[in-house]
Amino acid sequence: SNEVFNEGLLRKLALSSGAVKRFRKLSGSQLFDLLLFDGNCSLNQLSMQATARHGLVISKQGLHQKFNEGMQAFMKSAFEKLLAVKLTDEAIQGLEITIKDSTRFALPANMAGELSGLAGSGMEAGAAVQFEFGLKSGRADIKLTAANANDQQESHLGKEYIRPGEVYIRDLGYTHAAYMVNVAEKGAFFVNKLHSQALIYTRKGDGYELLDLATVKGLTDIQAFIGAQKLPVRLVIEPVSEGVKNKRIAQLAKYNKKKGHKTSEQFKLRAGFNLFVTNMDGEAYSAALIQELYHLRWQVELVFKAWKSIMGLNQIGKGCIYRTWCRLYAKLIWVILGWKATTAIGKVGQVSPLKVYGLVAATKEALRQQLWKTNGHWLQIIGKLPFSKVQKEQRKQRLKIEDIISII
């Protein structure tokens with residue numbers, strides 16, 4: 001957090017962005033302090049905080065005028081500075097496991113021109129946060145897009161950043177043939193869940209035939225060919241419980257009823273299985289390990305839950321468009337700070353993101369004191385707290401994440 005929480009850098013960012021032109025009233029660090037720690041307050045409350053904390057007399061009208069393109073650029077640059085601090089590749093030993101997913105939430109309607117919502121959902125304006133992180137290194141990338149951005153389009157972005165030898169685990173929305181071909185060509189590995197409508201073929205003589213899932217019993221590991229282009233992949237088929245199967249069928253039936261469609265018998269059959277595709281070698285990496293690898297993706301769901309329930313990422317509040325942007329970037333800064341705290345305390349999967357983000361929320365004042373040099377390093381303060389307070393509870397009959405990583 002020292003990369004951003006120092007007065008010299010904040011002063012430079014405030015000047016270069018145009019948020020501050022003269023330091024007669026608010027300095028860069030004072031602006032940052034108000035936006036990060038009191039951003040959800042009313043203008044009147046912000047005005048009182050400026051007086052109480054910094055001895056500044058500034059009216060709410062004066063503060064309102066401060067929310068402009070320069071202020072938005074200031075918070076964006078602070079977020080990007082914090083995000084840019086990454087581990088070197090040398091700090092990562094062995095095969096890295098990279099997980100990517102996105103979370104979406106509504107924004108005030110006045111943001112619709114810049115961040116469009118989801119059509120047909122009643123969401124006029126909305127944001128999607130694309131989040132990718134290294135399970136071993138904690139290295140993270142966050143990108144903000146409109147809620148209606150297509151995840152498959154996002155999977156095309158950043159091709160040049162695919163690193164040979166890494167395992168990329170992604171949800172359904174990011175998986176398509178071009179993405180998988182690209183990963184394989186770069187000498188990397190993919191583990192994806194296959195879309196329920198994807199065609200699956202097996203070899204039959206010199207030709208192909210559609211896979212009949214009705215013949216599958218238990219955990220199955222086969223060579224398969226998917227899609228119209230018949231992309232060769234390793235397919236791991238995992239049967240699910242009757243409860244999970246029935247829930248999937250009921251969810252689609254509810255959706256289809258609204259649209260006037262009928263649930264196909266083929267979907268009902270597929271609902272009884274999880275279908276994983278990978279290019280990892282079957283002799284070196286068992287079907288059971290591929291199962292466990294994909295289930296690591298749920299780590300990102302826990303992180304998203306912490307962002308929303310504890311950091312309030314989806315609670316932006318109303319105001320002028322520039323003020324909304326500032327609040328959004330302030331929330332994203334808290335998201336990154338919480339992630340840095342998580343990886344500083346322990347390995348991802350060993351510590352509970354919900355517990356760590358709760359700890360971050362409870363120690364905000366210590367971070368504020370660091371900004372004003374009245375306290376020590378915030379991450380060091382957090383690091384001194386008992387590890388048991390943030391340790392993740394291990395589920396029975398499930399490999400620990402460190403065990404999976406050691407196998408990889």
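Helices (H or I, at least four residues) and strands (E, at least two) are taken as DSSP runs, numbered from the N terminus. The model is predicted, so that local features need pLDDT of at least 70 and side-chain atom pairs count only at pLDDT 80 or more, while totals for chains, interfaces and linings use all residues. Residues are numbered from 1 along each chain as its sequence is written, and side-chain values use heavy atoms, with hydrogens and water left out.

Helix α1 spans residues 7-17, and Leu-9, Leu-10, Leu-13, Ala-14 and Ser-17 are buried in it (under 20% relative accessible area; exposed is over 50%, partly exposed in between, with a 1.4 Å probe and protein chains only). Viewed down the axis of α1, these buried residues fall within an arc of 135°, so they line one face of the helix; the arc is that of the directions from the helix axis to the C-beta atoms. The face turned away from the buried side of α1 carries the exposed residues Gly-8, Lys-12 and Ser-16. Gly-18, which follows α1, has a positive phi, near 90°.

A further site is Ser-196, placed in the loop between β5 (189-193) and β6 (200-204). Ser-196 is partly exposed, its relative accessible area being 34%. Residues up to four places away in sequence aside, Ser-196 touches Phe-267 and Arg-270, where contact means heavy atoms within 4.5 Å. Ser-196 and Leu-172, 24 residues apart in sequence, are separated in space by 9.2 Å, C-alpha to C-alpha.
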